[in-house]
Amino acid sequence: MAEEKKLFKVTIDNITIEVEPGTSILNAARMIGGDVAPPAMCYYSKLKGSGGKCRTCLVEVAAGSTADPRPMPKLVASCRTNVMDGMVVKNITSERVIDARNGVVEFLLINHPLDCPICDQAGECHLQDLSYDHGKEGTRYEFNRRTFKKHDLGPYIQLHMTRCILCYRCVFTADQLTNKRVHGILDRGDHAEIATYIEKSLDNDFIGNVIDVCPVGALTDKTFRFKNRVWFLKPVDAHCECTKCKGKVTLWYRGEEVFRVTARKDQWGEVEDWICNECRFEKKKTADWIIDGPTQVSRQSVISQGHYQHLEMPKETMPEVMGGRQPRLLMDIHSVSEVNRPDVDLSALPGPAHSTDFPKQS
Ligand code: SF4
Ligand code: FES
C-alpha cells in the first residue's frame, strides 16, 4: 500500500488549510482564495524561476512552525517562502503587511507614468488595481522620472519602457517558450531596461505571450493599440484546430468585429494555455473560430462592468415612442467631425494621431 503523504497545516489570516510540503505561502493562500491571496506582480505559476522581484506579495509569518513557533522578524516574500507544518501567516490581517505594501506600491509608481487614460492596459492592469487598493493620492518624489531611448520590437509588440516594473516575466516567457530569446534586461539599477541589445524584432512563434504576461502596459499588442477600451469589448471564449498551440483563446468583440485575440486567463490573471502568434495576430475573423461561449469575468474588474450575468435589459422604448422614425437629436459623429474616421487605422500610425492624419474629405 502506498504510504500516505504527510501534509503541512498552515493558517493564513485565521483560515487553516492542509497543503503538500514544498508549497509556497502564496500558493497556499491562493488555495484559500479571495483577499487572503496576496497580490503578485512578478510571480507567474507557469514560468519557472519567476517571483522574488516586486515585493508586493510580502506577508508576516507570526509563527514559523510547530517545531519552532518563533515569528520571523522580517516580512517575507510569500511567492519565495515555503510553508512549514504549523506555520501561522498574516496577510490582510497584518497592519505591517498593509503598510509595507503601500510602500511597495509607492516605489513601483515612482517612475511609472500616470498615463492610464491613454494606456491600452487600462482596465486590465494589475498595477492600476494595486494602486486603487494601496496607492496614495500624491507622490513624494521630486526628481525627473526615467526616460528611455525608443526600441522598435517589430510589427506586433509595442514597448513602453517607462511603464515597465522590471518583473522579468517577459524575459522568462521568451526564455521558456521560444527557441531564441532576443530581448532581456540591460543595465543595472535605475538604468535597467527591457530591450534588444542590437535593434531586433521579437518575432518568435510564441513571443506574443509576453503581451499577456506583462502585468502593466509596457508590452502591448500593436494590432489592437488605441483601437478600443477593454471595458467596451465583450470577451468570448473560442477555439480552433491549430498545429502550433492548443488554439484556446478569448476573442474580444465590439459588435460583430473581433478587435483582439488573447490567451484565456485564470482567476489570478495568469494565462491558461500559451497561444501562438498566428492565432493571436492573424485570425481576427469570427469565421476562423469555433465559439465556446461568453468568458466568465469573475475578477473584480472594470471589464466585468456591462457584462452582468443574468442581465435583463430594460425595454427599448425609443422606436415605439418615435413611431419608427429616427430621433433627430442623436447624430452620427462622423458627419460632424473629421476626427476618428473609421477608415483611418490608428494602430498603423507611427506615433500619436494628429489632425493631419485625418485629411479633409471633399
Ligand atoms: S516589460 Fe512587462 S513583463 Fe517585461 S519586465 Fe517589464 S513589466 Fe515585466
Ligand atoms: S510576487 Fe512575490 S516578489 Fe513579486
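The model is predicted.

Five strands form an open sheet in the order 2-1-5-3-4, with mixed pairing. Strand 2 (15–19) and strand 4 (76–77) stand at the edges. Each has a single partner strand, so one side of each lacks a neighbour in the sheet. Strand 1 (residues 8–12) and strand 5 (residues 87–90) run parallel and are joined by three bridges. V10 has M87 of strand 5 as its bridge partner.

**Helices and their angles**

Helix 1 (residues 25–32) lies across strand 1, strand 2, strand 3 (58–63), strand 4 and strand 5. Helix 2 also packs on the sheet, where it touches strand 3 and strand 5.

| Pair | Angle |
|---|---|
| Helix 1 and strand 2 | about 115° |
| Helix 2 and strand 3 | about 160° |
| Helix 2 and helix 3 | about 130° |

**Helix 2 against helix 3**

Helix 2 spans residues 95–110 and helix 3 spans residues 126–134; their axes are 10 Å apart. Why is helix 2 called oblique to helix 3? The two pack at an angle of about 130°, and that makes helix 2 oblique to helix 3. The crossing of helix 2 past helix 3 is left-handed. Helix 2 contributes I98, R101, N102, V105, L108 and L109 to the contact. Helix 3 contributes L127, L130, S131 and H134. By class, this contact of helix 2 with helix 3 holds six nonpolar, three polar and one charged residues.

Methods. Residues numbered from 1 in each chain as written. Chains lettered and ligands numbered in written order. Predicted model: local features only at pLDDT ≥ 70, side-chain atom pairs only at ≥ 80, totals over all residues. Heavy atoms only, no water. Axes fitted to C-alpha atoms, helices over the stretch in contact; angles between N-to-C directions. Helix = DSSP H or I, 4+ residues; strand = E, 2+ residues; numbered from the N terminus. Parallel < 35°, antiparallel > 145°, perpendicular 65-115°, else oblique. Left-handed = near helix turned anticlockwise from the far one by under 90°. Contact = heavy atoms within 4.5 Å. Nonpolar A, V, L, I, M, F, W, Y, C, P; charged D, E, K, R; others polar. Pairing = 2+ DSSP bridges.
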